[in-house]
Amino acid sequence: MDPSHNLASERSSIESTYELTKYLEYQLKEIKDVYLTYLGPPFNEKDFSPPRPNSTALTLPSAATRLELWHGLENQARLAQNQRAYSILLAAVRELARSTLCPSLKTSLLHFCTGLDGLLGSISALMNSLGYSSPAQAAAGELQFPQRGTGSNRPAPLMSQSLKVEGFWILRELQSWLWRSAKDFNRLKKRLRASSLTRHRYY
Amino acid sequence: MKAALGFCLIFLTLHSPGVLSLSTHVAIVYPQDPVLRMGSNLTASCWVHPELGVHANSLFWTLNGHQLPSSLYRVLSPTNLSVTLAGLNASRQTSGDNLVCHNHKGHILAGSCLYVGMPPEKPVNLTCWSRNTKDLTCSWAPGGKGETNISTLYKLKYKLRWYGTEKECEDYSHTQPYSCSITQDLHLFTPYEIWVEASNRLGRATSDVIILDILDVVTTDPPSGVTVSRLGQLEDQLSVRWEAPPALKDFLFKAKYQIRYRLEESQDWKVMNDVGNQTSCRLAGLRPGTVYFVQVRCNPVGIYGSRKAGIWSEWSHPTAASTPHSERLMSCDSKSSGDSNSTLRRELKQFLGWVKKHAYGCSSMSMKLYDQWRVDMQKSPKTRNQVGSPRG
């Protein structure tokens with residue numbers, strides 16, 4: 001097994017995951033505007049910020065974290081946190097799509113979900129190639145989120161103020177995570193490069 | 001102590017996201033997510049938890065981000081403030097209007113989605129057609145002024161007239177609203193009853209029932225392979241040929257066709273109606289040296305012995321061709337030397353002149369036509385000018 005070959009493929013894998021988060025971040029900005037307009041004022045007003053609700057989707061660790069904690073995260077923990085966050089957020093956005101009555105917006109949200117799903121797959125593949133197990137998939141399954149497919153036969157839940165506030169926060173949390181993940185993958189790239197240099201010294 | 005606890009509750013809710021887990025609501029608006037008719041009145045109330053330490057008269061309401069005047073408020077109790085809205089307008093968005101209760105600092109305490117609209121009106125203009133008897137597609141339009149922002153569900157229903165249970169169409173078009181296709185279990189030779197049911201949270205309405213036999217509303221694909229070409233040097237005619245739509249092969253019905261043509265720079269189409277069953281036709285009386293656009297369409301007639309016509313297909317893609325330039329140069333001398341060539345030529349000229357007059361339309365050029373001319377030439381002038389076009 002050629003260590004430099006592995007390293008190169010790992011690096012390109014991290015790079016493409018990084019690119020994907022930047023792309024999704026960009027896509028999300030557009031969808032968020034449309035979605036908030038759909039919710040109606042004051043949700044689409046500048047500086048609007050309702051209290052964060054206490055729902056299942058939002059009990060996940062927030063993207064916001066103290067700098068020294070973030071800095072010192074081990075590679076596996078860093079990736080696992082990302083994986084858990086996106087598992088939960090993907091299910092939450094699917095629910096958002098289901099409760100959206102506007103067909104074009106529903107389609108855009110579902111399309112965005114495919115992107116999120118791709119990101120999850122990318123992260124899992126990265127964890128496998130680095131030899132880390134993926135417990136987060138099982139953890140996400142514990143939550144009672146309907147994760148089966150996108151075309152649900154159940155009637156769409158009635159939109160309520162609390163659902164609107166939750167939708168607002170899910171998109172905000174997603175935005176924070178995508179912004180943070182880009183930095184996570186950059187950090188991961190640097191750490192792997194540093195550790196490979198150390199490895200090389202002993203060969 | 002109460003005030004301190006109240007302050008803590010507000011602080012924890014508003015400044016430490018995701019940490020606090022309240023077992024009771026901080027505040028709540030009644031009614032939650034009501035559905036109302038346009039023009040009706042609503043009195044909503046905002047109840048705040050006593051431990052919040054907030055008095056009802058310090059609260060205010062907004063509707064879709066706009067603050068509501070305090071003249072509409074009433075303090076029902078120290079923890080309960082109501083607002084009365086009269087003559088509600090239709091909801092601004094399908095997700096419902098946002099009626100929100102705020103504390104004096106503007107922080108959101110609770111809210112409710114108002115759905116204001118009208119019950120649906122009877123759907124209208126229900127029409128159905130079948131493509132090659134393989135499916136039945138129907139379309140309709142919402143009645144009256146159309147839908148308000150209360151989401152309205154439409155169901156296309158059908159049943160066999162003299163027996164059979166009511167069924168619902170499942171394949172609603174995503175590209176065209178108010179349209180659905182029935183693709184399975186279609187029965188021929190028996191009438192269907194078809195109607196549309198509209199419903200929303202304020203009521204329902206049903207369209208008139210239409211009764212039809214699938215074989216009476218059949219349409220097909222436009223003819224394929226449409227070609228337009230010149231007829232030798234004939235400067236005022238063009239020949240149009242096409243192929244019957246492939247689907248017709250399956251059926252025991254004839255087709256009838258219609259041709260339309262126009263000048264390149266004009267928008268006025270000229271339609272030729274009596275094209276019949278053939279797959280070719282001649283256009284006459286055209287302008288020399290001009291480009292024409294031609295289209296053909298097809299109507300499946302007499303399906304399985306029915307006497308009714310079907311529904312016209314779409315027009316084929318336009319095909320273009322140009323008539324030859326008229327060559328009014330030195331005329332081919334009729335006064336040239338009388339050799340056998342010029343006799344033949346003269347005869348041909350006469351024949352062609354006769355053809356122009358008597359045989360325009362969709363009969364094809366053939367020896368039969370020539371023979372018919374010969375016969376006609378034998379007749380006395382009186383009888384010659386009788387009767388219509390020969391059969392091709």
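With which residue does A:Glu95 form a salt bridge, and how far apart are the closest N and O atoms?

Reply: Happy to! A:Glu95 pairs with A:Arg98, and their closest N and O atoms are 3.1 Å apart. A salt bridge here is a side-chain nitrogen of Lys or Arg within 4 Å of a carboxyl oxygen of Asp or Glu.

Before going on, a word on the ground rules. This is a predicted model, in which local features need pLDDT of at least 70 and side-chain atom pairs count only at pLDDT 80 or more, while totals for chains, interfaces and linings use all residues. Residues are numbered from 1 along each chain as its sequence is written, chains are lettered from A and ligands numbered from 1 in the order in which they are written, and side-chain values use heavy atoms, with hydrogens and water left out.

Back to your pair. A:Glu95 and A:Arg98 are three residues apart in helix H3 (residues 75-98) of chain A, so about one helical turn separates them. Helices (H or I, at least four residues) and strands (E, at least two) are DSSP runs, numbered from the N terminus. An α-helix has 3.6 residues a turn, so residues three or four places apart point the same way. Both A:Glu95 and A:Arg98 are buried; buried means under 20% relative accessible area, exposed over 50%, and partly exposed in between (1.4 Å probe, protein chains only).

Another pair in chain A is A:Glu25 with A:Lys22, whose closest N and O atoms are 3.5 Å apart. These two are also three residues apart, in helix H1 of chain A, about one helical turn. A:Glu25 counts as buried at 13% relative accessibility, whereas A:Lys22 is partly exposed at 36%.

The side chains of B:Lys167 and B:Asp185 meet in a salt bridge of 3.9 Å, N to O. B:Lys167 sits in strand S13 (residues 167-168) and B:Asp185 in the loop between strand S15 (179-182) and strand S16 (191-200), so the pair ties together parts 18 residues apart in sequence. B:Lys167 is partly exposed, at 35% relative accessible area, and B:Asp185 is exposed, at 57%.

Some salt bridges share partners: A:Arg78, A:Arg180 and A:Asp184 are joined into one network in this way.
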